[in-house]
Amino acid sequence: TGRHEEDVEEVIAWAADAGQDNFLIDIGANVGLISCLCGSKFKQVFCYEPNPLAFKVLEVNTRIALTDASRLHLFNCAIGDGNTELELIIPKQNWGGAYIAQGNGYDQRTLLKKDGYTEFDADNYLKEIVTVKKAEDALGSIFKKLSNAGQNQGVIKIDAEGYEPTILKALARILPDSFKVVLIFENHLSQSSSTVLDLFKSRCRIFEIKSKKVRGATIVRLIKSLFGAKRRVMLEDPQGTMRKGNYALFV
């Protein structure tokens, strides 16, 4: 019930309705916060979640929300540069913020800040050893199967707590030229948009996902809503600079 990241959900739903509905690949699926709410719009749903604790909940949630089990594919692993096992650090107050420190694209200050901390205290975290799969092996095999089935238009959502740069670089290497994909990812770095665009050469455009809420005090918002005022989600040109937020890359 309810919503999670409404702006991200709406962009995913819009992409599916526009024909990008062959597949949803949810990298960093957590307990199904995106796949359960958007997955019914897609022919195939692939979820990657390394946290073994969250994965148990993901299995239950997706089976309830996506009743056609034949289109659901769950993988209890992370996506990285190689096949290995690494330590996952799980904030007790935010399972969605679990991260792998080794090879992470964010520094420790950024990772701490995301969870509202200023310094590392081991008592705030759980730790689990998790499986990491090389992107070429994990995603490459899926792309091959999708291509053979003629399913080459879809959405890839990445929320990997600092592993986004690694995954984007891998996708730039292995995404087939015949695929048309909307890549949605979280960014906590201040960087030039060309850093991402250059990975895919001339194949893509990038937009920041922004929303405009119905403003005013609670009763004012209610009255405005009754008269038809709605929250709007927009895709805006980042004008060369990527700030903290969610982004959509059209490849």
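Author: Sort the lining by residue type. Ala, Val, Leu, Ile, Met, Phe, Trp, Tyr, Cys and Pro count as nonpolar. Asp, Glu, Lys and Arg are charged, and the others, Gly among them, are polar. One caution: this is a predicted model.

Reader: How is empty space found in general?

Author: A probe the size of a water molecule is rolled over the atoms, and it shows where empty space is left. In a cavity the probe fits but cannot get out, whereas a pocket is open.

Reader: How many cavities of 30 Å³ or more does the count come to?

Author: The count is 1. The largest cavity has a volume of about 60 Å³.

Reader: Which residues line the largest cavity?

Author: E5, V8, K157, I158, D159, I184, F185, E186 and N246 do. By type, this lining splits into 4 nonpolar, 1 polar and 4 charged residues. β8 (153-158) and β9 (180-187) each give at least two residues. β9 gives the most, with 3.

Reader: How much space lies in the second largest pocket?

Author: About 220 Å³. Here 15 residues form the lining, with F46, F75, S141, I142 and K145 closest to the centre. The types are 8 nonpolar, 4 polar and 3 charged.

Reader: Now single residues. How do I judge burial?

Author: Under 20% is buried, over 50% is exposed. Take L88, in strand β5 (residues 84-91). L88 counts as buried because its relative accessibility is 2%.

Reader: What is L88 in contact with, leaving aside its neighbours within four places in sequence?

Author: P50, N51, A98, Y99, I100, L126, K127, E128 and V130.

Reader: Where is the place of N30, and is N30 buried or exposed?

Author: N30 sits in the loop between β1 and α2 (35-38). Its relative accessible area is 11%, so N30 is buried. Check the backbone as well. Phi of N30 is near 55°, a positive value in a residue other than glycine.

Reader: What is phi of E161 near?

Author: Near 50°, again positive in a residue other than glycine. E161 belongs to the loop between β8 and α6 (164-174). E161 counts as buried, because its relative accessibility is 5%.

Reader: One more loop residue. What does S193 touch, not counting residues up to four places away in sequence?

Author: I206, P238, G240, T241 and M242. S193 lies between β10 (191-192) and α7 (194-197). With 7% relative accessibility, S193 counts as buried.

Reader: Zoom out. How many helices and strands does the secondary structure come to?

Author: 8 helices and 14 strands. Of the 251 residues, 46% count as buried. The accessible surface is about 12,700 Å², with 49% of it belonging to carbon and sulfur atoms.

Reader: What radius of gyration does the protein have, and what would a compact globule have?

Author: The protein has 18 Å, and a compact globule with 251 residues would be near 18 Å, so the two agree. The C-alpha atoms fill a box of roughly 55 × 50 × 40 Å along the principal axes.

Reader: And what share of the contacts with a separation of 6 or more is between residues 24 or more positions apart?

Author: 75%.

Conventions: Residues are numbered from 1 along each chain as its sequence is written. This is a predicted model: local features need pLDDT of at least 70, side-chain atom pairs count only at pLDDT 80 or more; totals for chains, interfaces and linings use all residues. Side-chain values use heavy atoms; hydrogens and water are left out. On a 1 Å grid over the protein atoms alone, a cavity is a set of points where a 1.4 Å probe fits but cannot get out, and a pocket is an open set with protein on both sides within 12 Å along at least five of seven lines; lining residues have an atom within 4 Å of a point. Grid points are joined across faces, edges and corners, and a volume is the space filled by probe spheres set on the points. Helices (H or I, at least four residues) and strands (E, at least two) are DSSP runs, numbered from the N terminus. The radius of gyration is taken over C-alpha atoms; the globule rule is 2.2 Å times the number of residues to the power 0.38. Buried means under 20% relative accessible area, exposed over 50%, partly exposed in between (1.4 Å probe, protein chains only). Contact means heavy atoms within 4.5 Å. Accessible areas come from the Shrake-Rupley method with a 1.4 Å probe; for residues, only the protein chains shown count as cover.
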